[in-house]
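Q: I have a model open and would like to go through it with you. Could we begin with the ligand site?

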Amino acid sequence: MALEKHKEQDYGENPTQVRQTDKYKEEYVHSFVDKWDDLIDWDGRAKSEGSFFIDELKRRGKKKILDVATGTGFHSVRLLNEGFEVISADGSPEMLAKAFANGRRHGHVLRTVQADWRWLNRDVHGKYDAVICLGNSFTHLFEERDRRKALAEFYACLRHDGILILDQRNYDMILDEGFKSKHTYYYCGDNVEAKPEFVDEGLARFQYKFSDGGTFHLNMFPLRQAYTERLMKEVGFQQVHKFADFKETYRQEDPDFIVFIAEKRYPDTPGAKEEA
Ligand SMILES: C[S@@+](CC[C@H](N)C(=O)[O-])C[C@H]1O[C@@H](n2cnc3c(N)ncnc32)[C@H](O)[C@@H]1O
């Protein structure tokens with residue numbers, strides 16, 4: 001697929017009415033993807049999330065990982081550095097190209113697959129110990145049937161005792177109390193300001209403003225935590241553990257990010273308790 005280097009984001013005349021799952025590929029235009037690493041600042045991000053995901057995967061004995069929202073490759077590279085076997089998928093060719101280049105810089109040849117979550121099993125084969133969908137990615141799906149389909153596809157990629165690790169912004173807080181990000185987790189780059197420009201129950205439109213003047217947007221669906229958890233259980237995940245800003249228990253007040261670890265296995269099967 002040819003990459004379009006000069007394409008710009010285009011939300012038409014009424015940006016807050018753009019609420020479509022398929023929009024994500026057009027949103028990640030080359031110039032935005034190029035800046036994405038300034039936005040997420042790999043070193044700062046690694047410091048703030050620490051070894052949370054690595055520890056959770058290792059503790060549960062997971063080795064073969066499918067990163068379904070590779071983006072520019074941050075988690076794929078971190079997991080490869082730690083000796084995991086990783087397949088790096090994403091629906092955006094721009095993102096995958098950047099991820100591959102980032103992988104090379106870190107001494108890896110990423111095994112990339114361009115795949116949309118809604119038909120993931122068409123393009124990604126084999127069974128995985130864990131699927132990771134991180135960096136507030138699931139929020140790109142606007143239709144409930146797309147969310148159900150994507151979760152069902154993630155479920156189908158997993159071995160019988162596999163887990164899904166998925167995170168999202170704390171949209172409950174944004175919807176109910178307004179935005180007050182401590183700016184500590186994920187979006188740590190000093191050169192960028194990320195804030196919601198418009199929020200209602202069907203849209204969170206974020207603006208990303210870079211210090212060199214570049215401004216980009218993402219239109220996302222504000223997922224309430226209870227809703228995401230319910231969908232996970234409805235597609236078949238048996239247990240869903242919740243974490244707030246990478247803390248082990250759900251004690252944090254007003255966290256910026258929520259991490260879900262959904263288990264396919266019944267809680268009373270041998271070994272399940274030790275892992276949970
Ligand atoms: C917010 S970025 C996060 C990237 C990366 N995980 C990170 O944390 O930096 C969301 C990613 O999800 C991908 N994505 C969104 N919707 C998708 C879909 N339906 N199928 C496949 N990938 C999708 C986008 O292309 C993008 O790379």
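Q: Which residues come nearest to the ligand?
A: This is a predicted model. Of the 19 residues around the ligand, those that come nearest are Gly71, Gly91, Ser92, Gly135 and Ser137.

Q: And what is the make-up of that shell by class?
A: The shell around the ligand consists of eight nonpolar, eight polar and three charged residues.

Q: Now the overall fold. How many helices and strands does the chain have?
A: There are 11 helices and 10 strands in the chain.

Q: What percentage of the residues count as buried?
A: Of the 276 residues in the chain, 40% count as buried.

Q: What share of the contacts with a separation of 6 or more comes from residues 24 or more positions apart?
A: Such pairs account for 68% of those contacts in the chain.

Q: On to packing. At roughly what angle do the axes of helix 8 and helix 10 cross?
A: The axes of helix 8 (residues 144-157) and helix 10 (residues 225-235) cross at roughly 55° and come within 9 Å. The two helices are therefore oblique to each other.

Q: Is that crossing left-handed or right-handed?
A: The crossing of helix 8 and helix 10 is right-handed.

Q: Which residues make the contact?
A: Helix 8 contributes Arg147, Arg148, Leu151, Ala152 and Tyr155, while helix 10 contributes Leu231, Met232 and Val235. By class, this contact has six nonpolar and two charged residues, with no polar ones.

Q: Which ones are they?
A: The buried residues of helix 5 are Phe74, His75, Ser76, Val77, Arg78, Leu79 and Leu80.

Q: One last residue. Where is Thr112 found?
A: Thr112 belongs to strand 3, which covers residues 112-114.

Q: Is Thr112 buried or exposed?
A: Thr112 is buried, because 21 other C-beta atoms lie within 10 Å, and the cut-off for a buried residue is 20 or more.

Q: What does Thr112 touch, not counting residues up to four places away in sequence?
A: On that basis, Thr112 touches Ser88, Leu96, Ala99 and Phe100.

Q: And what separates the C-alpha atoms of Thr112 and Ala97?
A: Those C-alpha atoms are separated by 9.0 Å, with Thr112 and Ala97 lying 15 residues apart along the chain.

Conventions:
Residues are numbered from 1 along each chain as its sequence is written. This is a predicted model: local features need pLDDT of at least 70, side-chain atom pairs count only at pLDDT 80 or more; totals for chains, interfaces and linings use all residues. A residue is near a molecule or strand if its C-beta atom, placed from the backbone, lies within 6 Å of it. Ala, Val, Leu, Ile, Met, Phe, Trp, Tyr, Cys and Pro count as nonpolar, Asp, Glu, Lys and Arg as charged, and the others, Gly among them, as polar. Helices (H or I, at least four residues) and strands (E, at least two) are DSSP runs, numbered from the N terminus. A residue is buried if 20 or more other C-beta atoms lie within 10 Å of its own, exposed if 12 or fewer, and partly exposed in between; C-beta atoms are placed from the backbone. Two residues are in contact if their C-beta atoms, placed from the backbone, lie within 7 Å. Axes are lines fitted to C-alpha atoms, for helices over the stretch in contact, and angles run from 0 to 180 degrees between N-to-C directions. Angles under 35 degrees count as roughly parallel, over 145 as roughly antiparallel, 65 to 115 as roughly perpendicular and the rest as oblique. A crossing is left-handed if the near helix is turned anticlockwise from the far one by less than a right angle, and right-handed if clockwise.
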